[in-house]
Every structure is written in structure tokens, then in C-alpha cells.
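Please read these notes with the model open beside you. Each point takes one part of the chain.

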Amino acid sequence: WSAGVDGKLYPELFTNPDGRDVMISTGSGIHAASCSEHVLAMMLSFARGIHLSVDAQRAATWSRREQADKLFTLEGKTVGIVGAGQIGQAIARRCQAFGMRTVGTRRDPEKPTPHFDYVLSHLQYHDLILASDMIVLALPLTPHTRWLFGEEEIEILRRPTYVFNIGRGGLWDERHVLQGVNRGWIAGVGVDVFVDEPLPPDSPWWTARNTIITPHTGGV
């Protein structure tokens with residue numbers, strides 16, 4: 001039922017001893033509603049400080065003054081969605097409902113792509129980054145998309161910019177993203193996927209600054 005095939009390409013599929021072709025099917029498209037709502041939940045949490053309020057609630061602390069200057073609205077913000085496929089389009093549709101401007105990339109920008117104000121070629125990926133207040137990685141993991149987001153992309157981010165990964169952990173350089181959010185170069189990170197899952201108890205991600213972690217439940 002997975003949308004991606006990166007974890008299913010076993011060597012036996014390519015040996016093909018009896019000469020027959022092997023067809024691989026995926027569940028691509030069935031996760032559009034859940035993944036898009038998952039991303040919006042993270043965006044709204046950052047915008048309205050819900051994650052901060054939950055921490056304050058557990059500590060029995062009325063932290064209104066500390067939170068007030070960090071709150072904002074999604075309305076008027078630009079979201080850049082890297083991967084304007086079915087999940088990307090579902091995210092864009094919901095973002096537009098909140099009054100956001102939507103920009104996406106795909107290999108063929110001439111294809112009909114609803115719910116986007118602008119669609120760019122994947123070669124214009126850095127133009128999307130420069131235009132965005134929030135960036136969502138919604139791509140499958142392939143040799144062409146591995147480590148798509150890293151040190152170079154962090155250097156050109158607008159300040160502040162929030163980054164979300166709903167695709168695969170290998171889409172970004174985890175080390176540089178972690179460094180970027182801890183040093184304030186990235187305003188906040190919402191992450192549902194990691195290279196190593198389950199995330200080890202001693203992972204530095206657990207204590208990362210302004211980060212929302214979910215245990216690969218975006219497609220559930």
C-alpha cells in the first residue's frame with residue numbers, strides 16, 4: 001500500500017530467472033487526503049503556537065506573553081510544494097482554502113496541475129525556495145531526489161521559513177537540516193519521515209529546536 005517503491009526493489013526482482021517481466025504496483029494517490037491534512041496540522045501548529053501551548057499545559061504554565069510574539073496566520077503566506085503530484089495537489093488545495101499562495105515544481109510543468117498559482121519546472125527548484133515562506137517536500141525517493149534539500153538550499157532560504165518533509169527521510173540532508181533549525185536558519189521543521197526508523201532514543205532530533213516530529217503516520 002506504500003506510495004513509494006524505494007524500499008521494495010529487492011535484487012530478486014531484477015534477476016528474472018524465468019525470463020518474465022516483473023510489474024510493480026503501488027498505492028500512489030491513496031494517501032493524498034491524510035498526507036495533506038497532516039501537513040496542514042503541522043503548519044497550523046506552528047502558526048498558532050499549538051505545540052508551545054501543549055508544552056506549557058504539561059508544565060502548568062500560562063505562557064501567553066512568551067507565545068504572543070511568535071504567532072502568525074497562514075493567510076497571505078506562500079507555500080512552495082516540491083512535487084506537485086497527487087499529494088502535492090491535495091496540499092495545495094487545502095493551503096489555498098487558508099488564503100495561501102501556492103507554488104509547485106514538477107518534471108513537466110505543462111501538465112494540468114490544479115490548485116497551484118504557479119507551477120515551475122523541477123530545474124527551477126531554487127526559484128521556489130526563494131519565493132516561499134513554507135516549503136513542503138512531497139516527492140518519492142529516487143536517485144534524482146536523494147538529498148535534494150541540504151546546505152545549499154538552507155543558505156538561500158528567506159528568513160523565517162518553515163520546512164516540512166512528508167515524503168522520505170532521504171530527500172534532505174538530515175545533518176544540515178538539524179543544524180539549520182537549531183541555529184535558527186530554519187524557523188521550524190515538521191518531519192514525519194527519517195532515514196532510520198524507528199527514530200533511535202538517543203537521536204538529537206528529539207531535542208531539536210522548534211521541531212514537530214510524527215512517527216511516519218502521515219499516510220495513515
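1. **The end of a helix.** Helix α8 is followed by G184, whose phi is positive, near 85°. Helices here are DSSP runs of H or I with at least four residues, strands are runs of E with at least two, and both are numbered from the N terminus.

2. **What you are looking at.** This is a predicted model, in which local features need pLDDT of at least 70 and side-chain atom pairs count only at pLDDT 80 or more, while totals for chains, interfaces and linings use all residues. Residues are numbered from 1 along each chain as its sequence is written, and side-chain values use heavy atoms, with hydrogens and water left out.

3. **The start of that helix.** Helix α8 covers residues 174-182. Its N-terminal end is capped by D173. A side-chain oxygen of D173 lies 3.1 Å from the backbone nitrogen of R175. That is a polar contact: a pair of N or O atoms within 3.5 Å; within protein, one must be able to donate a hydrogen and the other to accept it, and residues adjacent in sequence count only if both atoms are side-chain atoms.

4. **The buried residues of α8.** Which residues of α8 are buried? They are E174, H176, V177, L178, G180 and V181. Buried means under 20% relative accessible area, exposed means over 50%, and partly exposed lies in between, with a 1.4 Å probe and protein chains only. The buried residues of α8 pack against α7 (151-155), β6 (188-191) and β7. Contact means heavy atoms within 4.5 Å.

5. **Two tryptophans.** The structure holds five aromatic pairs. One of them joins W172 and W205. This pair is stacked, at 6.2 Å centre to centre and 10° between the planes. W172 sits in the loop between β5 (162-165) and α8, and W205 in the loop between β6 and β7. For the terms: rings of Phe, Tyr and Trp (its six-membered ring) pair if their centres lie within 6.5 Å; planes under 30 degrees apart are stacked, over 60 edge-to-face, and the rest tilted.

6. F194 has a relative accessible area of 8% and is buried. W205 counts as buried at 4%.

7. **The second largest pocket.** W205 turns up again here, in the lining of the second largest pocket. The other lining residues include H51, L52, D55, W206 and R209. Two elements give two or more residues to this lining: α3 (50-58) and β7 (211-213). By class, there are six nonpolar, three polar and two charged residues. Ala, Val, Leu, Ile, Met, Phe, Trp, Tyr, Cys and Pro count as nonpolar, Asp, Glu, Lys and Arg as charged, and the others, Gly among them, as polar. The volume is about 180 Å³.

8. **The largest pocket.** How much space lies in the largest pocket? About 980 Å³. It has 39 lining residues, and the closest to its centre are G83, A138, L139, P140 and L141. The elements that give two or more residues are α5 (86-97) and β2 (101-106). α5 gives the most, with three residues. The lining divides into 15 nonpolar, 18 polar and six charged residues. A pocket is an open set of points on a 1 Å grid over the protein atoms alone, where a 1.4 Å probe fits, with protein on both sides within 12 Å along at least five of seven lines; lining residues have an atom within 4 Å of a point.

9. **A buried strand residue.** M134 is in strand β4 (residues 134-137). Is M134 buried or exposed? M134 is buried, with a relative accessible area of 2%.

10. **A contrast.** Q57, in helix α3, is exposed at 64% relative accessible area. T105, in strand β2, is buried at 5%.

Definitions and conventions:
Grid points are joined across faces, edges and corners, and a volume is the space filled by probe spheres set on the points.
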